[in-house]
Amino acid sequence: MQTLTTVSAMQALAATLGTAGRPVGLVPTMGALHEGHVSLIRLARDRGAVVVVSIFVNPTQFGPSEDFTRYPRNLEADLAACAAAGADVVFAPAVEEIYPKGYSTFLAEEHVAKPLEGVSRPVHFRGVTTVVAKLFNLVRPDFAVFGQKDAQQVAVIRKMTADLHFGVEIVTAPTLRDPDGLALSSRNRYLTPQQRAAALALHQALHRAQSMVAQGERRVDRLIAEATHLLSQQRLVRIIYVAVVDRDSMESAREVLPGRSLMAIAAWVDEVRLIDNEIL
Ligand code: AMP
């Protein structure tokens, strides 16, 4: 496994990667890798690809009062996890490599990015699309793997990739969960045992909505009311949003379209902001 830290080294390697006769798969991450990230790397490897993992805590996708400075970082453990999962290349640049002094170009998708996360984190997706576009330009992948855990992120990136003719296939990987249902997240390591127990309500609410749909419920207001009720039983949980939206456009509707609609939840568990979603 090769580890690269500069833009010029990544560009030089990218020029040769595509010539090996194997597809190039990119797995963008912010590090603090867990089994969810590892499943993305394995998915790329199982497609027979040369796998490039990027590890970059992207400052432009954090708002001014968010957790950029205290976001967990552990490059040594991350490199070991990448090697064990079968990555070929890790690209782990410093912030100044990606955003040198005087940097001033940003890319924003302006429709799918607006609701849900876009409301409470107004600069978030502009930062995500900017850095992913840069990674596409630097790595020149045939495909890139993103987790369904961040459903709106995948939808925004799909739209950006289509709108700008990037010619990169966007592959979505299922959400990996702990056995009790909590979606794996780098931010879970902020949780105390008590907060972690409260955080289970997110998955329980999603699961409840799925069961209601399986039993024939199609009214979105009923699903949202039930999920909201379950979440509000937890004293430590403060709801940011509970929504049912189309999986591609992120637009809300009054009726569930099974397989197309997803329920998305964002909530504070004390001071930790968590998101989760399930297709209904
Ligand atoms: P992050 O490091 O949080 O930016 O996540 C990097 C990638 O891993 C994104 O595509 C996420 O959607 C994905 N990811 C995060 N958590 C999970 C999970 N529990 N299961 C599957 N993929 C995940």
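Which polar backbone atom lies 2.9 Å from an oxygen atom of the ligand? Select Gly147: one of its polar backbone atoms sits at that 2.9 Å from the ligand oxygen, counting as a polar contact a pair of N or O atoms within 3.5 Å; within protein, one must be able to donate a hydrogen and the other to accept it, and residues adjacent in sequence count only if both atoms are side-chain atoms.

A quick word on what you're looking at: this is a predicted model, where local features need pLDDT of at least 70, side-chain atom pairs count only at pLDDT 80 or more, and totals for chains, interfaces and linings use all residues. Residues are numbered from 1 along each chain as its sequence is written, and side-chain values use heavy atoms, with hydrogens and water left out.

**Stop 1**

Now click on Asp150, where a side-chain N or O atom is 2.6 Å from an oxygen atom of the ligand. Then go to Leu176: a backbone N or O atom there is 2.8 Å from a ligand nitrogen. Taken alone, the ligand exposes 490 Å², and the protein buries 93% of that (Shrake-Rupley areas, 1.4 Å probe).

Next, show the 17 residues around the ligand; His37, Gly147, Asp150, Leu176 and Leu184 come nearest (a residue is near if one of its heavy atoms lies within 4 Å). By class, this shell has eight nonpolar, seven polar and two charged residues; Ala, Val, Leu, Ile, Met, Phe, Trp, Tyr, Cys and Pro count as nonpolar, Asp, Glu, Lys and Arg as charged, and the others, Gly among them, as polar.

Colour β2 (24–29), α2 (35–46) and β5 (143–147), the elements giving two or more residues to the shell. Helices (H or I, at least four residues) and strands (E, at least two) are DSSP runs, numbered from the N terminus. With three residues, α2 gives the most.

**Stop 2: the six-stranded sheet**

Select the open sheet with the order β1-β4-β3-β2-β5-β6, where the pairing is parallel (strands pair if DSSP finds at least two bridges between them). At its edges are β1 (2–4) and β6 (169–173), each pairing on one side only. Zoom in on β5 and β6, which share five bridges, and find Ala144 opposite Ile170 in β6.

**Stop 3: the three-stranded sheet**

Finally, pick out the open antiparallel sheet with the order β7-β8-β9. β7 (237–246) and β9 (272–279) each have a single partner strand, so one side of each has no neighbour in the sheet. Look along β7 and β8 (residues 261–269), paired over nine bridges; there, Asp246 has Ser261 in β8 as its bridge partner.
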